[in-house]
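Hi everyone, thanks for coming. I'd like to walk you through one protein today, so please have a look at the screen.

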Amino acid sequence: QYDCPSADIDMLAHVICDLFPEQTQFAERKEDAGRTSLLIHYVAMRFGSSARRITIDVRFDPAALARYRALPPRMHARSYAVLRAYVEATLGSLEEMYADGQTVPREVDIEMGEDFA
């Protein structure tokens, strides 16, 4: 499910959607300070004997997001790769925590800064 009014944020959700189960929800959120986030709500089955709801909040630095939006679409591939790498690293970190016997958090933040765009 995609609840992203902005076409560019919707596209970013589609870039990473294959990393998550089918029932995952992607939602765009704008904070009062003008910062845009992509919220990823999914149910993780691999962190224990029962399903675990996890929310990943991908927060975009306003200046970096503005630069991304100013780029022509053919130049977005680098930003897609950076986003995907951050999300994959976060998921890998959660799996390592579980493997080490640590409690996997239900909420995780990813800060997309200067390297995004």
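Of the 117 residues in this protein, 38% count as buried; buried means under 20% relative accessible area, exposed means over 50%, and partly exposed is in between, with a 1.4 Å probe and protein chains only. Please keep in mind that this is a predicted model, where local features need pLDDT of at least 70 and side-chain atom pairs count only at pLDDT 80 or more, while totals for chains, interfaces and linings use all residues. Residues are numbered from 1 along each chain as its sequence is written, and side-chain values use heavy atoms, with hydrogens and water left out.

Let's take the overall build. There are three helices and five strands; these are DSSP runs numbered from the N terminus, with helices being H or I of at least four residues and strands E of at least two. Along the sequence the order is β-α-β-β-β-α-α-β. The C-alpha atoms fill a box of roughly 45 × 30 × 25 Å along the principal axes.

Now to the strands. Two strands pair if DSSP finds at least two bridges between them. Strand β3, residues 36–44, runs antiparallel to β4, residues 52–60, with nine bridges between them. On its other pairing, β4 runs parallel to β5, residues 107–112, through six bridges. Follow F60 and you can see both: T36 has F60 as its bridge partner in β4, and F60 has M112 as its bridge partner in β5.

Next, the helices. Which residues of α1 are buried? In this helix, residues 7–16, they are D8, I9, L12, A13, V15 and I16. Seen down the axis, they fall within an arc of 155°, so they line one face of α1; the arc is that of the directions from the helix axis to the C-beta atoms. These buried residues pack against β1 (2–3), β2 (25–30), β3, β4, α2 (62–70) and α3, where contact means heavy atoms within 4.5 Å.

Over in α3, residues 77–99, we find T90. T90 counts as buried because its relative accessibility is 14%. Not counting residues up to four places away in sequence, T90 touches V108 and I110.

Is V104 buried or exposed? With 3% relative accessibility, V104 counts as buried. Leaving aside neighbours within four places in sequence, V104 is in contact with F47, R52, I54, L94 and Y98. By comparison, H76 is 28 residues from V104 in sequence, and their C-alpha atoms are 32 Å apart.

Finally, the cysteines. How many disulfides are there? A disulfide here is a pair of cysteine sulfur atoms within 2.5 Å, and the count comes to zero. C4 is in no disulfide, and the nearest cysteine sulfur, in C17, is 11 Å away. That distance is too far for a bond. C4 is buried, at 11% relative accessible area, whereas C17 counts as partly exposed, at 24%.
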